[in-house]
Amino acid sequence: MADPVIGATIRVTLEAALCLASDGIGRLLGFKKDVASIKRSLEFITGVLADAEAKQNQDGAVQEWLKSLEEVAYDARNVLDELRYESLRHQVESRNQHKLKVCRFFSFSNINLAFRWRMASKVRDINLELNKINQEADGLGLVRRPVLTAALPAAPAVGDARNRQTDSVLVPIVGRADDESNIVKILLIPSKKVVSVLPIIGMGGLGKTTLAKLIYNNQQIDAHFNQKIWVCVSKKVPIMELFKLILLQLTEEKVEVENRNAIVGKIGNQLGAKRYFLVLDDVWDDDEALWDDFFTTLKGLNPTNGSWCLVTTRVVPVAHSVSRVLMMENESYPLGKLPDYHCWSIVKEKVLGGEEEPDELKAIQETVIKRCDGLPLAASVIGGLLSLKRKEEWESILENRLLSLSAGGDHVMQILKFSFDNLPSPYIKKCFAYCSLFPENTEMKGDMLIELWMAEGFLQADISSQMMMEEIGMNYLRILLQSSLIEEIRYDFGGTYYRMHDLLHQFAQSMSRSTSNLVHELAMDSYAVDSFGKLFESLSTSLRTLFVRSSSLSGDMLMKLKNLYVLNLSHTRTRELPVSIGKLIHLRYVNLSWSYISILPDSLCKLYNLQTLTLCELDVKDLPKGMCDLISLRHLHYYTGDEEFQMPPKMGRLTCLQTLEFFNVGQEKGRQIGELGFLKNLKGKLTIRNLQRVKDKEGAEEAKLFEKANLFRLELWWARDRESDNYNDEDALDGLQPHPNLEELVIWYFMGDQFPRWLMDLPTATTLPKLVRLEFKFCNRCRELPPLQNFMSLKELRIYDCDGLTNLPGDMLHSCASLQKLTVFGCSNLIFFPLDLQQTPSLLELELSYCPRLKTSMTPKGFGFLTSLRELTIGPFSDDGDDHENSSIYNEFDWSGLISSSSIYNSSSSGLRRLDLFGLPHMESLPHQIQYLTTLTSLALLDFRGIKALPDWFGNLAALEELRLYNFKELGHLPAEDAMRSLTKLKDLRVYGSPLLKERCTPESSGPDSQWSKVSHIQYLRLSG
């Protein structure tokens, strides 16, 4: 059987070896002729490889030749990489030669001689092996044939990778509304069972997981169940692991306990007496005894009737097993195929994205629908394939390939294979297959994927290309998204992740398995590590990538793997990184995140090929002092909030560095801010702390921030507590002018009286035209903020604890029409802020709080223009001697624009959803205008300490879902029971600091003052005194 991906594997490896051979390393180290010979052999083999790929299906001898070539190609790359490592070592040592004056004469030539003897033998052997491969190619009649590589879709402009948006079109969820409605009805039927189960059964690619997500996020489900739990199972797991997965979802914390009773007990504590909805997605185990044990345990944890478990599975016996255990009348919900018109809508959306349907697409509609066969995944993948091709190619693709696909159980896999075969580059094929190393349903960060692909050599740039490897990786990621071979997930908090459908994951695994005996990538979990000692010995030469999860790895085991390029020990229990790691000279990627390692050995700095070092959430106090020797390092993922942390000296020598999350300015040479000036390729986010150590503008300019075009976020920190009042902050900030491409700027503890000219002087256009976020925090001596009129792109402005501010002019945001979020918080001396809100029509969120001297009459006006406003936080304001008992401090606040369209006072429409309102300790009533804000879904009231009863007009807030009350010390009565029952959507009531109300809101309370009947129906209820 032919290896479906061996050609791509060999071609990628050969190209990486050729790149090394062309790098001049032979000339530098005295192997010029030998390396030139290797290069000629590699070029010949590359030329005949396409012919071998074409003939491998018909000729078993060619298959064997390819297997032999795969092994030799890896060996050649490793040998050439050893030469490259020696070249890098020479560069480092010559740069550090002032340290080597004493020992250089005695040891340098000997080390060179020993290295030459050892490498001469290896180089000779590789040449012999390559010559043998070439001779065998001649004997097999392999000839050069042109390689017709499909042109890659155009990439976005070079140099703007940090903002690049992929072309991924999210496939619409179509055709499942009836299924969703049917299942939700079943789940909402009152049940006398403690827990019931409903399996959704169907073949792969039908959209079972998508349907389960629709149900999981259904509002009726939210209202009916007190707790929701989503667990992706995806393989057969022991029952202990299943309980661990549930506990992980409930607590969002890693489960360290191994005792079943302890784990089950914690689940019980989390569930309490709540009615819960549990989804077990992608279940494969049909062991009825396991499910009997599982559900029996669940029933014992929680006696409340009406909980449900929704199971998705492709395996009919799984559905039978879980249903029989709980004696369900309806055993399962079989999911049918999509109608043709729904499949076609998915294809059109993927290909056209809403544009008009061309004749070329109409012509192939019938054929495409037939090949989709009612499967949404097939429709998405076919649409993705067509989107990568020109219109003129569509019909020929269908005629030559898609029509030849056979019907039957493997239909989807055939379509996936066809899409995979049509990827425009062998490198992209390797990138896709590599994703199968991660467990099913893993959400992968784009930067991490690209850094791994780079370490493996999948991101080789053409000689003529000006793109960096990271930009090539981003383009490959975009192509995989466009092909629907991976999917993009975007979260509200801004995170973007990538994931594979379970069928695609299985397909990628099949593409990553070589038919040779070589194992290049290995991922191990906690069950397997202890049994892999002997396997490591057998893999000592072939293994290039090792992922270890949830266990530990000894130094002895690790050192057997001499040819590792990628080492991922994240989330392991490894406590010590062995000193011998410095001998793994091929390593490009090391990830130690979330492990137990607390000390990094100095030998780590011997990894001169290392490109990525990831140390997220690692409890290390210091980085090795020799970090500056990591001459190839491009990404250092490490952050600590400790401003006393000392940077490793001479970080400026890491001239390839692109990712540096923070830099603490030191006083001694090698740790000063000038080190940043040498790091010309920095991109993404950078925090610079201890700027009080920068003496003047000239010193600050040594950082050369103005030249760093790829930084999009910059945080500038001075020390909070300083011994001297002799501040030079203005001069320092003046020299820290960023590049005009900057998007986010945050300034902490700046103690200048005013900001520098690059922020203040804005005659016609700002020096930061792309700025979308600006924050000032604890800038206590500033009397005025920069004029913001020309920040046309500004979307977010935050002003925190700037005690020097007394007046914010009403026109300060003139022309800031894009502003969406505005916060003014904790400015204790602010008196005037008469902002004209007509200038900010796009505002979504406004917070104006903890400014105790601010008068209501001097707060922003014009809320009627804020038709997009969704969240508002206000108060407390100065009472200025007003009669606080009738809440008059809010009488001059501009309520009119907030009042909903149903208001008798104002017909303007308001979309306000959330209001947080602060009172004063003596206030005995609430502003009555709140009752007209009928679109509110969340209301928080704080520090109205004199109020004894809430008014009945609360019943008008029919949309309210969440009510929070803080420090209502005298509160004893809620609104009348009719008013509380009118709040039909209220499901979350939290009251803090109300001892009397807490006493009256218990089932045991009785008498006329009892409030229990008013709140007993609320799902989430919490009261404290």
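**A walk through the fold, pair by pair**

K55 and D51 sit 4 residues apart in helix α3 (residues 32–55), so about one helical turn separates them. Helices here are DSSP runs of H or I with at least four residues, strands are runs of E with at least two, and both are numbered from the N terminus. The model is predicted, so local features need pLDDT of at least 70 and side-chain atom pairs pLDDT 80 or more, while totals for chains, interfaces and linings use all residues. Residues are numbered from 1 along each chain as its sequence is written, and side-chain values use heavy atoms, leaving out hydrogens and water.

D51 is buried at 2% relative accessible area, whereas K55 is partly exposed at 29%. Buried means under 20%, exposed over 50% and partly exposed in between, with a 1.4 Å probe and protein chains only.

Now zoom out for a moment. The protein chain has 30 helices and 29 strands, and of its 1025 residues, 55% count as buried. Take the contacts (heavy atoms within 4.5 Å) with a separation of 6 or more: 67% of them join residues 24 or more positions apart.

Salt bridges turn up 44 times in the whole structure. Among them is the one between K228 and D222, at 2.6 Å from N to O. K228 is partly exposed at 22% relative accessibility, and D222 is partly exposed with a relative accessible area of 22%. Elsewhere, salt bridges link R773, E775, K777, E796 and R798 into a network.

Next, the sheet. An open sheet of 7 strands runs in the order β9-β10-β11-β12-β13-β14-β15, with parallel pairing. β9 (521–524) and β15 are at the edges with a single partner strand each, so one side of each has no neighbour in the sheet. Strands count as paired if DSSP finds at least two bridges between them; β10 (residues 545–548) and β11 (residues 566–568) have 3. Within β11, V566 is the residue opposite T545.

R544 puts its charged end over the ring of Y565, 4.0 Å from the ring centre. R720 does likewise over the face of F778, at 4.9 Å. The test for a charge over a ring is NZ of Lys or CZ of Arg within 6 Å of the ring centre and within 35 degrees of the ring normal.

Finally, ring against ring. Rings of Phe, Tyr and Trp (its six-membered ring) pair if their centres lie within 6.5 Å; planes under 30 degrees apart are stacked, over 60 edge-to-face and the rest tilted. That rule gives 35 aromatic pairs. One of them is Y639 with F662, edge-to-face at 5.6 Å centre to centre and 75° between the planes. Y639 lies in the loop between β14 (635–637) and β15 (659–660) and F662 in strand β16 (residues 662–664), so the pair ties together parts 23 residues apart in sequence. F662 is buried at 3% relative accessible area, while Y639 is partly exposed at 43%. Ring pairs also link F863, F877, Y890, F893 and W895 into a cluster.

Notes:
A salt bridge is a side-chain nitrogen of Lys or Arg within 4 Å of a carboxyl oxygen of Asp or Glu.
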